[in-house]
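Subject: Structure handover

Hello,

Here is the structure I promised to pass on. Please load it before you read the notes below.

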Amino acid sequence: MISIAHAQDAAAAAAQQPGIMQFLPLILMFVVIWFLMIRPQMKRAKEHKALVEGLQKGDEVVTQGGVAGRVTKVGEAYVSVEVAEGTEMLVQRTAVMIVLPKGTLKSAL
């Protein structure tokens, strides 16, 4: 009787060993998430970093808060943005969302 019980345990253990087919849905889900979510987010972060590093005096920008203005001073961590004649705001470089084409602010007024 004991030898039969050991034989049944060995057969059940062999049948329950994980195969690649059990992990295939998990691997497939990770690949889909990578291409639909993680990869585009990394691409946008890289583009934003290049935009922030390329800021120069005279660029017309829009901040994340929606404030549009012209860059007057560029520091290491902060940018001074002129939003009206004689009115400047100090914003973080990373808060700059878009660099507008030159002359956009004049045509908007």
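Two strands count as paired if DSSP finds at least two bridges between them. Helices (H or I, at least four residues) and strands (E, at least two) are DSSP runs, numbered from the N terminus.

This is a predicted model: local features need pLDDT of at least 70, side-chain atom pairs count only at pLDDT 80 or more, and totals for chains, interfaces and linings use all residues. Residues are numbered from 1 along each chain as its sequence is written, and side-chain values use heavy atoms, with hydrogens and water left out.

**Overall**

The protein has 3 helices and 5 strands. From the N terminus, the order is α-α-β-β-β-β-β-α. Of its 109 residues, 17% are buried. Here buried means under 20% relative accessible area, exposed means over 50%, and partly exposed lies in between (1.4 Å probe, protein chains only).

The accessible surface is about 8,700 Å². Carbon and sulfur atoms hold 64% of that surface. Areas come from the Shrake-Rupley method with a 1.4 Å probe; for residues, only the protein chains shown count as cover.

Now contacts, meaning heavy atoms within 4.5 Å. Among those with a separation of 6 or more, 41% are between residues 24 or more positions apart.

The 5 strands make an open sheet in the order 4-3-2-1-5, with antiparallel pairing. Strand 4 (87-92) and strand 5 (96-100) are at the edges. Each has a single partner strand, so one side of each lacks a neighbour in the sheet. Neighbouring strands are turned by 45 degrees against each other on average, direction ignored. Axes are lines fitted to C-alpha atoms, for helices over the stretch in contact, and angles run from 0 to 180 degrees between N-to-C directions.

Going through the pairs:

- Strand 3 and strand 4 are antiparallel and joined by 6 bridges. Tyrosine 78 has glutamine 92 in strand 4 as its bridge partner. The hairpin of these strands has 2 residues between them, and glycine 86 takes a positive phi near 85 degrees.
- Strand 2 and strand 3 (residues 78-84) are antiparallel, with 4 bridges. Arginine 70 is partnered by glutamate 82 in strand 3. A hairpin through 3 residues joins the two strands.
- Strand 1 and strand 2 (residues 68-74) are antiparallel, with 3 bridges. Their hairpin has 4 residues between the strands, and glycine 66 in the turn has a positive phi of about 95 degrees.
- Strand 1 (residues 60-63) and strand 5 are antiparallel, with 4 bridges. Valine 61 stands opposite valine 99 in strand 5.

Threonine 72 is in strand 2. Threonine 72 counts as buried at 16% relative accessibility. Leaving aside neighbours within four places in sequence, threonine 72 contacts Lys57, Ser80, Val81, Glu82 and Glu88.

**Salt bridges**

How many salt bridges does a search of the whole structure find? There are 2. The criterion is a side-chain nitrogen of Lys or Arg within 4 Å of a carboxyl oxygen of Asp or Glu.

One joins aspartate 59 to lysine 102, with the closest N and O atoms 3.4 Å apart. Aspartate 59 lies in the loop between helix 2 and strand 1, and lysine 102 in the loop between strand 5 and helix 3 (104-108), so the pair ties together parts that are 43 residues apart in sequence. Aspartate 59 is buried at 10% relative accessible area, whereas lysine 102 is exposed at 60%.

Glutamate 60 and arginine 70 also form a salt bridge, with closest N and O atoms 2.9 Å apart. This pair links distant parts of the chain, strand 1 and strand 2, 10 residues apart. The two residues are also bridge partners in the sheet. Glutamate 60 is buried at 4% relative accessibility. Arginine 70 is partly exposed at 28%.

**Nonpolar patch**

The surface carries a nonpolar patch of about 1,300 Å² accessible area. Its members include Ile20, Phe23, Phe30, Val31, Trp34 and Met42. Patch residues have over 30% relative accessible area and no salt bridge; like charges are joined within 9 Å, nonpolar side chains (Val, Leu, Ile, Met, Phe, Trp, Tyr) within 5 Å. Valine 31 belongs to helix 2 (residues 20-53). Valine 31 is partly exposed, at 37% relative accessibility.

Best regards
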